[in-house]
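I have a new structure open in my notebook today. Come along while I look up a few things in it.

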Amino acid sequence: MASSAAAGNGTGGILPTHTAAPAWPSKTKDPRRRRRCLCVCLLVTLAVLLALAITLLVLFLTVLKVRDPTTRLISTRLAGVAPRLTFPALSVQLNVTLLLTVAVHNPNPASFAYDAGGHTDLTYRGAHVGEAAIDPGRIPSKGDGEVRLALTVQADRLAADLAQLVADVESGSVAMEASTRIPGRVTILCIFKRHAVAYSDCSFVFGVAEMAVRSQQCHDRTKL
């Protein structure tokens, strides 16, 4: 009886112990840690935007910088002479049409397309004596193109300084100035489009005997 009681009070009669459940991490984050993450994300975003802005600035100042195209008058051909009578004061006026071919070099890594609206004004000793409209066209990037225009010279305006004109013709050369304005747009990397106006001011000497340009000097510029 004693042995059985002792057996009942032995290790076999000890109640099983319960192990504590594992502590799960709290779902609420540390506010300080959350603020640090937000600050890091904000700094990274600002750094990326700053690097992108600097890259675009460098590109626009170097590779994408718009440079002035250059022009050169390469040929002049007489197309016709149109007489005109005016009344009531009877007078005969002559309009001379010249076909001009101008070579244009585009040094930019972007094409230059121009629509209607371009024109050239011709002056002789400060007097406006002729004008021409320029047809639409396109100059490829870092390429060359030709602009052809029919320039009408109004001979009656030359009569204002007829004595000097006769002297120039007798000497074999006539000095004139041509001012050209071509509005258009520059397309860079097929993405960026910028409006631009190309200007060209040329002084040239026209040879009477050969009916061609002997010498010329041009100043070109582009306005964005």
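Here are my entries, in the order I made them.

**Ground rules.** I am working with a predicted model, where local features need pLDDT of at least 70, side-chain atom pairs count only at pLDDT 80 or more, and totals for chains, interfaces and linings use all residues. I number residues from 1 along each chain as its sequence is written, and my side-chain values use heavy atoms, with hydrogens and water left out.

**Pocket.** I looked for open space, taking a pocket as an open set of points on a 1 Å grid over the protein atoms alone, with protein on both sides within 12 Å along at least five of seven lines. A volume is the space filled by probe spheres set on the points, which are joined across faces, edges and corners. The largest pocket holds about 410 Å³ of space. I noted 20 lining residues (those with an atom within 4 Å of a point), and Val96, Leu98, Leu158, Met176 and Phe206 lie nearest the centre of this pocket. The elements giving two or more residues to this lining include helix H4 (162-171) and strand E8 (173-188). Which element gives the most to the lining of the largest pocket? I found that E1 does, with four residues. Helices (H or I, at least four residues) and strands (E, at least two) are DSSP runs, numbered from the N terminus.

**Cavities.** I count two cavities of 30 Å³ or more. The largest cavity has a volume of about 330 Å³. Its lining has 26 residues, and Thr71, Val102, Thr180, Ile182 and Ser200 lie nearest its centre. E9 gives the most to this lining, with five residues.

**Charges.** How many salt bridges does the structure hold? I found four, each a side-chain nitrogen of Lys or Arg within 4 Å of a carboxyl oxygen of Asp or Glu. In one of them, aspartate 115 meets arginine 185 at 3.2 Å, N to O. Aspartate 115 lies in the loop between E3 and E4 and arginine 185 in strand E8, so this pair ties together parts 70 residues apart in sequence. I also saw arginine 221 over the face of tyrosine 199, at 4.5 Å from the ring centre. For that, NZ of Lys or CZ of Arg must be within 6 Å of the ring centre and within 35 degrees of the ring normal.

**Backbone.** I checked phi in two loops. Arginine 125, in the loop between E4 and strand E5 (127-134), has a phi near 50°, a positive value in a residue other than glycine. Lysine 142, in the loop between strand E6 (137-139) and E7, also has a positive phi, near 50°.

Key: 1 Å grid on protein atoms, 1.4 Å probe; cavity = no way out; pocket = protein on both sides within 12 Å on 5 of 7 lines; lining within 4 Å.
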